[in-house]
Amino acid sequence: MAAVLGLVAALALGTVGEAQAAPAEETGPPPRHSDRAHGFASLAGGTTGGAGGRVVTVTDQAALAKYAAAKEPYVIRVAGSIAVAPFGSDIVVASDKTIIGVGDTGEIVHGELHLNPGTHNVIIRNLTIRDSYVEGDWDGKTSDFDAIQMDSVHHVWIDHNRLTHMGDGLLDIRKDSEYITVSYNRFENHNKALGIGWTDNVRTQITIDHNWFTGTKQRNPSADNCAYAHLYNNYLSAQVDDGDPRWTYGNWARGATRMVIENSYYDGVQHPYQADATAELVQRGSVLKGTTGRHDAWGDAFEPDEFYDYRLDPAAAVPALVKRFAGPQKRLGAH
């Protein structure tokens, strides 16, 4: 199977939030299971997680919490299912960590991975995070039980996970977080999938590729005040159909976001892509099957290949590719 994305050499761009991308120094897309971050997470020094640190395998909450919060770098292998108590509790993840499921059975149940302000250089891969949903609270108003939540962080790669049936959002990227890549994940069976923003500043740089949003209603993603949001080869299907004319949608460029969407596939989606009047949205090459409502595109946004190298899969191939490669994979985390 042909590889998708080009990896850029680490770029020393100065203070986070003040950087401007330089031309790529390396080209050649890595394989779909590459251990190297791509997209915006590969810039400004790159994202390596716990590489170089001790490798540990955890099977219970106490061990996961201990190593995830440690000051030292760790590669933390999650073997089997870890049930978190009390229900909905946070597992705090500190800087310089890789948390990766062993094969396709590593999972965190009833708990959230939480990155506090200032956290950086984190990789979360190959996990299922599930089932902190509060019965009767479809809108997530009684709890803040996300699968993954981060505030004011930088250099984070979220890759090959399955996030489903949580208490609020599945993935919240908040408060000026920067240099983020979200790739090959499955967002399933939920109201609010992927939210980006919670800030008046325009700083976040994010790559979102080869994700499957299925059985979700909104935030697929919602991207508010992103300096650069690059979405490509994503698959949206089986959107929740509850007759909501506004808050059931696909991709939304909000505030002053500059968004580029390329070669994605929208199947039966209401408002597949939309933009505020203050945002800029460029869409090219996507497949629209049975879509209704808003199909907004205006402004110039930006050119992603001025930041990093990547290669697009044909939009028509996206459903099959994403079904095969998104979510936990048996070959990842085995060693």
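The largest pocket in this predicted model holds about 330 Å³ of space. Residues are numbered from 1 along each chain as its sequence is written. As the model is predicted, local features need pLDDT of at least 70 and side-chain atom pairs count only at pLDDT 80 or more, while totals for chains, interfaces and linings use all residues.

**The pocket**
- A pocket here is an open set of points on a 1 Å grid where a 1.4 Å probe fits, with protein on both sides within 12 Å along at least five of seven lines; lining residues have an atom within 4 Å of a point.
- Its lining has 15 residues, and Asp-35, Ile-100, Arg-125, Gly-333 and His-335 lie nearest the centre.
- Strands S5 (97–101) and S8 (120–125) each give two or more residues to that lining.
- Sorted by class, the lining has seven nonpolar, five polar and three charged residues, with Gly counted as polar.

**Neighbouring strands**
- Follow S8 to S11 and you find a parallel pair joined by five bridges, with His-120 opposite His-154.
- S11 (residues 154–159) also runs parallel to S14 (residues 178–183), again through five bridges; here Trp-157 has Thr-181 as its bridge partner.
- Five of the six residues of S11 are buried (under 20% relative accessible area, 1.4 Å probe).

Notes: Side-chain values use heavy atoms; hydrogens and water are left out. Grid points are joined across faces, edges and corners, and a volume is the space filled by probe spheres set on the points. Helices (H or I, at least four residues) and strands (E, at least two) are DSSP runs, numbered from the N terminus. Buried means under 20% relative accessible area, exposed over 50%, partly exposed in between (1.4 Å probe, protein chains only). Two strands pair if DSSP finds at least two bridges between them.
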